[in-house]
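Work through the exercises below with the model open. Try each task before you read its solution.

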Amino acid sequence: MSEQAAVRAAGAADVEAAVAIWTLSHVVRRNGRPLPEAHIQLARRRMSAPGALLLLARCPAGAESEVRIDSAADVVTTAADVADTAADVAGADVTADPGDDSVADRAAAPGVVVGTILGVQGLDQDGAGPPVPGLLHLSLLSVAPDRWGQRIGRLLVDEVLDRASARGFEQAQLWTHADNLRANRLYKAIGFRRSGRVRIDDWGELLVHYRRPVRI
C-alpha cells in the first residue's frame with residue numbers, strides 16, 4: 001500500500017539503487033527487452049549531476065518489496081522473474097539547493113527502494129538550449145514492478161512538485177511514452193495536460209509532452 005512507502009531525497013550512495021529500479025521497470029515494461037548500456041549510463045549521469053533533485057520511495061522495515069535490487073547488474077536476473085507481470089509503468093530533469101533537506105531525509109530513510117524520480121532545471125530546445133526560468137523538468141519516474149498500482153508514482157510526483165515549489169519553480173513539464181497507459185492516466189489525474197508536442201525516442205517509440213503549473 002502507498003502508506004507503507006516514504007519519499008526522501010537521495011544522495012550519491014543511493015544512485016545505484018535508483019538506476020536499478022529505473023532499469024528494471026523499463027525492462028519489464030518492454031516485455032524483457034534489455035536496455036542498451038548507453039541508456040543506463042545516461043540515466044546514471046543524470047541522477048548524479050550536481051544540483052539534480054533525485055527522490056527515492058522506500059518501504060519501511062517489515063514491508064519490503066518482493067523485488068530487492070542493489071545494483072543495475074541484478075536486473076538481468078530479476079527482470080526474467082517478473083516479466084510475466086509486465087504492465088505499463090509511470091516511465092520522467094529541478095535544480096535543487098543540494099544542502100537543505102537531503103541529509104535529514106537520508107538519515108530517516110530505512111528500508112528498500114521501491115521507486116524514484118528526478119527533477120532538474122528545464123532547458124529550452126528540449127534540453128539543448130539555455131535554462132528556462134521557473135521551469136521544472138521531470139524524468140526517470142520509475143516504480144518497482146511488484147509495487148505498480150500502489151500509488152507510489154503519485155507520491156513521488158507530488159513530493160517533487162512540493163519541493164520544486166519551495167525553490168520557486170512555477171511550471172513543470174515531462175515526456176512519456178504515448179502507449180504507457182498507466183503513466184498517462186497518472187499524469188492526467190494530477191493535473192498535467194498534453195501540450196500537443198510529440199517526438200520519437202531512440203527506440204523509435206512515440207513520446208508525448210505534458211505540462212502543468214507546479215502549484216494548482
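**Exercise 1.** In which hand of crossing does H1 pass H2?

Solution. Keep in mind that this is a predicted model. H1 passes H2 in a right-handed crossing. Next, take the geometry. H1 covers residues 15-29 and H2 covers residues 37-48. The two helices pack at an angle of about 135 degrees, and their axes are 10 Å apart. Now classify the angle. Angles over 145 degrees count as roughly antiparallel, and 65 to 115 as roughly perpendicular.

**Exercise 2.** Describe how H5 and H6 pack.

Solution. H5 spans residues 152-166, and H6 spans residues 181-189. Their axes come within 11 Å and cross at roughly 45 degrees. That angle makes H5 oblique to H6. The crossing of H5 past H6 is right-handed. Gly153, Arg154 and Val157 of H5 make the contact with Leu186, Tyr187 and Ala189 of H6. These residues divide into four nonpolar, one polar and one charged.

**Exercise 3.** Is Asn184 buried or exposed?

Solution. Then check its relative accessible area, which is 5%. Buried means under 20%. Asn184 is therefore buried. Last, look for its partners, leaving aside neighbours within four places in sequence. Asn184 is in contact with Thr176, His177, Ala178, Arg194, Val208 and Tyr210.

**Exercise 4.** Which residues touch the most other members of the largest nonpolar core?

Solution. The core has 53 residues. Val157, Leu161, Tyr187 and Phe192 touch the most other members. H1 gives the most to this core, with nine residues. Two names return from Exercise 3: Val157 of H5 and Tyr187 of H6 are also part of the contact between those helices.

**Exercise 5.** How many helices and strands does the protein chain have, and in what order do they run?

Solution. Count the elements: six helices and seven strands. Then read from the N terminus: β-α-α-β-α-α-β-β-α-β-α-β-β. Of its 216 residues, 51% are buried.

Key: Residues are numbered from 1 along each chain as its sequence is written. This is a predicted model: local features need pLDDT of at least 70, side-chain atom pairs count only at pLDDT 80 or more; totals for chains, interfaces and linings use all residues. Side-chain values use heavy atoms; hydrogens and water are left out. Axes are lines fitted to C-alpha atoms, for helices over the stretch in contact, and angles run from 0 to 180 degrees between N-to-C directions. Helices (H or I, at least four residues) and strands (E, at least two) are DSSP runs, numbered from the N terminus. A crossing is left-handed if the near helix is turned anticlockwise from the far one by less than a right angle, and right-handed if clockwise. A nonpolar core is a set of buried Ala, Val, Leu, Ile, Met, Phe, Trp, Tyr and Cys residues joined through side-chain atoms within 4.5 Å. Buried means under 20% relative accessible area, exposed over 50%, partly exposed in between (1.4 Å probe, protein chains only). Contact means heavy atoms within 4.5 Å. Angles under 35 degrees count as roughly parallel, over 145 as roughly antiparallel, 65 to 115 as roughly perpendicular and the rest as oblique. Ala, Val, Leu, Ile, Met, Phe, Trp, Tyr, Cys and Pro count as nonpolar, Asp, Glu, Lys and Arg as charged, and the others, Gly among them, as polar.
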